[in-house]
Amino acid sequence: MAKTAVLKIDDKEYPLPVMEGTEGEKAIDTRQLRTASGYIAYDQGYGNTGSCESQITYLDGDNGILRHRGYPIEQLANQSEFVETAWLVIYGSLPTQKQRKDFGQLLRQNSAVEMQMQKILEGFPTSASPMAMLSALVAALPAYYPDLATNNFEKDLKNFDLAAAIAISKIRTFVAMIYRYQKGLPFVFPKQELPFCDNFLHMMFSEPYKDYVPVPEVSRALNLLLLLHADHEQNCSTSTVRMVGSSQANVFASVSAGISALSGPLHGGANMAVMQMLQSIHDEHDDGTRFIAAAKSGSKSNRLMGFGHAVYKNFDPRAKIIGEACDVVLKRLGIDDPLLAIAKNLEQAALKDDYFVSRKLYPNVDFYSGIIMRALGIPMNMFTTMFAIGRTPGWIANWREVAANPKGRIYRPRQIYVGPTKRDYVPISQRG
Ligand code: SDX
């Protein structure tokens, strides 16, 4: 017998169906609430509202659980790699050996970028935000692949596999191009024989007469970083992709919107903000006390970046994994980064401070990721674009759920209007 909740308003009762997911999450289905009662539910920021049913990622914020299609992030981090996890997130199962081989081939075949697209980049000053450049390049993809981006779900789903490979592979290439453009360096063309991450590092760091060949630990560290960013339920940027996709906008346009949402410092921009914070602490020979004191002021602009999470009220499992990887990668590369020690001290100090403990503020995925990216030679202003490379499979998988949903509707939230009530127009001659 399906459970129902009963909402009582004045002397009337409104039965509302209760939904339950495969992991026991429960929701009150309010889809008929307004029709039945004239009331809407109000939840600023949607922190207590489910926008969709999804089969991609399960999060348990209280217990620090993250699973993609049922597989725990710890197992994927230890045994999988980015391209395989991308397939899993998008298609719902671990690929067979043939599927993994074919997917890797499709990504390699689509790693190059049309020469004309370089002109889009050259239209930006080199000081432009890498995320703005990335969003613009991705928004331009439908112009080059009109058959994959018709803004018709039926047609675009038929060509989804190629569109997905193009988005994942070219966003990786775009990031390397943006880096070279900002540095005033010539673009390095992809090598089809290289695996995904090695090809990225080649396009970033190879020189005309000297190819960059990463040591295995660097390739593994980059794979791990991208894998840990692959998807994360209905975060701000993924919800943006679903919102835009719900209008039948194509996957490239939807992902471009997701990139813009990710660029904010409260979301994907936090990895850069963490490093700026750690660098300031280092430069001021501070021990973090000043930052922790400022963070406790409660103002959004003084927050301890890389701490806290809208869902995790326990450790972000990704932060634990990245934190452990920091030690391994820096040791293998013989790097002694003072910012790592500062980050660890800051974490210990915050976790003993009641302000953070009482608010259940723990390190999140961004707290340590910048340390590894810096060790890989990636400049700070490119950190959020790295997050975008990693998150592209999750964005694409969510777009596909929206496009393939036969009962799907355009996302159109309601509001409570609190502006001026009805008033009559006054001609300007009478306004003084
Ligand atoms: C990502 O959603 C996702 O899944 C995102 C992400 C993903 O993979 O897609 O996990 C990636 O975006 C990680 C988060 C990166 N952002 C940061 O590290 C920026 C710093 N963190 C915060 O701004 C904040 O914690 C958020 C934005 C992450 C979450 O904000 P919430 O859930 O809206 O929390 P809140 O603003 O309601 O704060 C609750 C309380 C407040 O204090 P009181 O008003 O109760 O006194 O906690 C305080 C806040 O002031 N607080 C912090 C804090 N984060 C929250 N105080 C100091 N430092 C912080 N970092």
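This is a predicted model: local features need pLDDT of at least 70, side-chain atom pairs count only at pLDDT 80 or more; totals for chains, interfaces and linings use all residues.
A polar contact is a pair of N or O atoms within 3.5 Å.

**Around the ligand**

A nitrogen atom of the ligand sits 2.9 Å from a polar backbone atom of Phe-307. Gly-306 also takes part through its backbone, with a polar atom 2.8 Å from an oxygen atom of the ligand. Tyr-355 uses its side chain instead: a polar atom there is 3.0 Å from a ligand nitrogen. Taken on its own, the ligand has 1,100 Å² of accessible area, and the protein covers 76% of that.

| Residue | Part of the residue | Ligand atom | Distance |
|---|---|---|---|
| Gly-306 | backbone | oxygen | 2.8 Å |
| Phe-307 | backbone | nitrogen | 2.9 Å |
| Tyr-355 | side chain | nitrogen | 3.0 Å |

Which residues come nearest to the ligand? Out of the 25 around it, they are His-232, Arg-303, His-309, Arg-318 and Arg-391.

**Two loops with a positive phi**

Now for the backbone. Tyr-46 has a phi near 60°, a positive value in a residue that isn't glycine. You'll find Tyr-46 in the loop that runs between helix H1 (33–37) and strand E4 (57–60).

Asn-151 also has a positive phi near 60°, again in a residue other than glycine. Its loop links helix H6 (130–144) and helix H7 (153–158). Asn-151 counts as partly exposed because its relative accessibility is 41%, and that class lies between the 20% and 50% cut-offs.

**A buried asparagine**

Asn-235 belongs to the loop between helix H10 (216–228) and helix H11 (236–245). Is Asn-235 buried or exposed? With a relative accessible area of 12%, Asn-235 is buried, since anything under 20% falls in that class. Its side chain makes a polar contact of 2.8 Å with the side chain of Ser-237.

**Out on the surface**

Finally, have a look at the outside. Tyr-42, Ile-416 and Val-418 together make a nonpolar surface patch of about 380 Å². One of these, Val-418, is in the segment after helix H19 (383–404). Val-418 has a relative accessible area of 75%, so it is exposed; the cut-off for that word is over 50%.

Note on methods. Residues are numbered from 1 along each chain as its sequence is written. Side-chain values use heavy atoms; hydrogens and water are left out. Patches are made of residues with over 30% relative accessible area and no salt bridge: like charges are joined within 9 Å, nonpolar side chains (Val, Leu, Ile, Met, Phe, Trp, Tyr) within 5 Å. Accessible areas come from the Shrake-Rupley method with a 1.4 Å probe; for residues, only the protein chains shown count as cover. A salt bridge is a side-chain nitrogen of Lys or Arg within 4 Å of a carboxyl oxygen of Asp or Glu. Helices (H or I, at least four residues) and strands (E, at least two) are DSSP runs, numbered from the N terminus. Buried means under 20% relative accessible area, exposed over 50%, partly exposed in between (1.4 Å probe, protein chains only). A residue is near a molecule or strand if one of its heavy atoms lies within 4 Å of it. A polar contact is a pair of N or O atoms within 3.5 Å; within protein, one must be able to donate a hydrogen and the other to accept it, and residues adjacent in sequence count only if both atoms are side-chain atoms.
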